[in-house]
Amino acid sequence: MESSTTTSHSVVSELEGTLLKNPKPFAYFMLVAFEASGLIRFAILLLLWPIIALLDVLGYKNGSLKLIIFVATAGLHKSEIESVARAVLPKFYMDDVSMDAWRAFGSCERRIVVTRMPRVMVERFAKDHLRADEVIGTEIIVNRFGYATGLIQETDVDRSVSNSVANLFAVGRPQLGLGRPVISTSPTFLSLCEEIVHAPVPSNYNGHNQRLHVQPLPVIFHDGRLVKLPTPATALVILLWIPFGIILAVIRIFVGFLLPLWAIPYVSRIFNIRFIVKGKPPAPATTGNPGVLFVCTHRTLMDPVVLSYVLGRSIPAVTYSISRLSEILSPIPTFRLTRIRDVDAEMIKKELSNGDLVVYPEGTTCREPFLLRFSALFAELTDDIVPVAMNYRVGFFHATTARGWKGLDPIFFFMNPRPVYEVTFLNQLEVEATCSSGKSPYDVANYVQRILAATLGFECTNFTRKDKYRVLAGNDGTVSYLSFLDQVKKVVTTIKPFFH
C-alpha cells in the first residue's frame, strides 16, 4: 500500500547522467558560448577545459561548475541565453535522452527535473519536450540592465537543489527518485524520495503507469550553426577547421560564379562536393512542351541553385524570404512572394508561361525529418507538376538560420568539408491527381506532401512557417526591406560568433 506521506505517482529526476545519458554538461555550455557570444568565448572555454576536468577529478564539482557558468555567460544579455535555450539546446538534449530513464519518468503523473545547470538553459526543453511540471536548477544572477554576471545564487549546488525539492514537496514525499549514485558529502534530493532508482535506469524497470506518455515530444524546429555537439575533441576540430573552411568556401563560391551551371556537378567533385541525382528529370520547356512547375521540399537556401545545377540550366525560383545580398549573388532568377494570394498567383502564372519554375510550398526550411504543411496555391495554377525530393548532409555547419542573417547560409554550407545534396525527381503528376480531375487544391497539395515525405522517409506535419519562427525567433518570419544601416547591423550581429 502507498504511504500516506507519499505524493502519488510523482517523480524527481536528475537531468545530467540520468534523463540525459551524458553526465557532463560542458558541451552544452560550449553551445551557449558559441551561439550567444562567439568564437573567442568558445575558444576560451575550451582552453579552460583541462582545469575544469581537473577540478572535477579533485572533487571540486561546485567550483568547476561555477567556472563554466562564469566563462559561458558573463556579460551576455539574459534574452540571448533564453534564445539559445529555446532554439538551439533542445535538439542536442533530445539526441542524448535515455529512453529507459524517460519511460520511468514519463510513467508518473507529476514530473520534476533537477539539474546543476542554470534553470534558464533547461526549463524550455524539460517542460515542452519532457513534459516536466517543474524544473529546479541553479539561478544565474542578472544585473539591473538584464546582463548575466556569470555568478549563481547557490553556494552548495547539491544542498540547494535538495532544499528546493523539499520545499516543493512540503506535504508528502516524491514517490520515485531517478539519479546517479551519491558520491557527494552534501545531501541530495534522492534522500527525500520513497523509491530510488540509480542511473542507468534498467530497461526492464516497470513504471507506475505505462499508459501515460511513452515518448517525449520530438524536436521539429531548431536553430544554430553547429551540427555536432561540441565536446572538447569536436570543438577543437571545429576551431582548427574554421580558417580553412572560410578559404574553401570562398574558392567554391568563386568557381561556381565562373563556370556554367551544367559544369558544376562535374567540377564539384574536385572540391569534395557531391550531388546525388535519382529519377528522370523532365525535358526542358519548348514551344510544344510548356514549362513544368517543380514542387520541392525545402532544406536550405541552396535548394533552387542545386536544382539548376543538376538540370544544367537556370530554373527561376519563387521565395518567401531571401536576403537582398542573396538575391544579388544568386546565379538564378528569384522572385519574392508578397503573401497576397492574388498577386502571387498572377506572378507564378506569368513566370510559368515563360518556362519551368520551382516553388517551395512549405514556405521555409526544416532541418529535421519532417515536412511542414504545403500551401495549396501551386495546385491551383497548373497541372504540370513535378515533385522533387531534396535533402542534404553536412558535417560541421548548418546552412539555415532563423535567428541570424540568411545571406551567410551559402557560406556556411560551403564551409563544410564534404557537403552532400540529394535530388530525387518523381514522376510528373497524372491528370487524375490534379485539380483537372475535380480534386481540390488542398487534396493535391496534401498528396504531393505525402509522396515526397514517403520518398525521403520523413513525416508529414501541419506546422507552418509562422509556427517555426514563433518557436525559434519569437516572430512570424516576415522579412521586410531593411535600410543599409539596418542590414549592416544585421551582418554584425550574425558574424558575431567569429569576432565577438
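Trainee: Is Arg131 buried, partly exposed or exposed, and what is its relative accessible area?

Mentor: This is a predicted model, and in it Arg131 has a relative accessible area of 25%, so it counts as partly exposed, since that class lies between under 20% for buried and over 50% for exposed. Arg131 sits in the loop between α8 (119-128) and β3 (134-138).

Trainee: What is the phi of Arg131?

Mentor: Phi of Arg131 is near 60°, which is a positive value in a residue other than glycine. Asn272 is found in the loop between α11 (264-267) and β8 (274-278), and with 36% relative accessibility it counts as partly exposed.

Trainee: Where is Asp409, and is it buried or exposed?

Mentor: Asp409 lies in helix α16, which covers residues 409-414, and because its relative accessible area is 4%, it is buried. When neighbours within four places in sequence are set aside, the contacts of Asp409 are Arg225, Leu301, Ala399, Thr400 and Thr401.

Trainee: Which residues form a nonpolar patch on the surface?

Mentor: The patch is formed by Leu54, Val57, Leu58 and Tyr60, which together have about 460 Å² of accessible area. Leu58 is placed in the loop between α3 (49-57) and α4 (61-73), and with a relative accessible area of 52% Leu58 is exposed.

Trainee: Which residues does the annotation "transmembrane region" cover?

Mentor: According to the unreviewed UniProt entry, that annotation covers residues 26-55 and 235-264. In the model, residues 26-55 are 90% helix and 0% strand, with the end C-alpha atoms 13 Å apart, while residues 235-264 are 83% helix and 0% strand, with the end C-alpha atoms 32 Å apart.

Trainee: Which two residues are joined by a cis peptide bond?

Mentor: The cis peptide bond joins Ala199 and Pro200, with omega about 0°, and Pro200 lies in the loop between β7 (195-198) and α10 (232-258).

Trainee: Where does pLDDT stay under 50?

Mentor: Where pLDDT is low, the predicted coordinates should not be read in detail. For the chain, pLDDT averages 88, and 90% of the residues score at least 70. Over residues 1-7, however, pLDDT stays under 50, and the model has 15 contacts for them beyond four places in sequence. Residues 480-485 also have a pLDDT below 50, and this stretch has two contacts in the model beyond near neighbours in sequence.

How values were computed
Residues are numbered from 1 along each chain as its sequence is written. This is a predicted model: local features need pLDDT of at least 70, side-chain atom pairs count only at pLDDT 80 or more; totals for chains, interfaces and linings use all residues. Side-chain values use heavy atoms; hydrogens and water are left out. pLDDT is the predictor's confidence in each residue, from 0 to 100. Contact means heavy atoms within 4.5 Å. UniProt positions are given in the numbering used here, feature names are shortened, and annotations may be inferred rather than shown by experiment. Helices (H or I, at least four residues) and strands (E, at least two) are DSSP runs, numbered from the N terminus. Patches are made of residues with over 30% relative accessible area and no salt bridge: like charges are joined within 9 Å, nonpolar side chains (Val, Leu, Ile, Met, Phe, Trp, Tyr) within 5 Å. Accessible areas come from the Shrake-Rupley method with a 1.4 Å probe; for residues, only the protein chains shown count as cover. A salt bridge is a side-chain nitrogen of Lys or Arg within 4 Å of a carboxyl oxygen of Asp or Glu. Buried means under 20% relative accessible area, exposed over 50%, partly exposed in between (1.4 Å probe, protein chains only).
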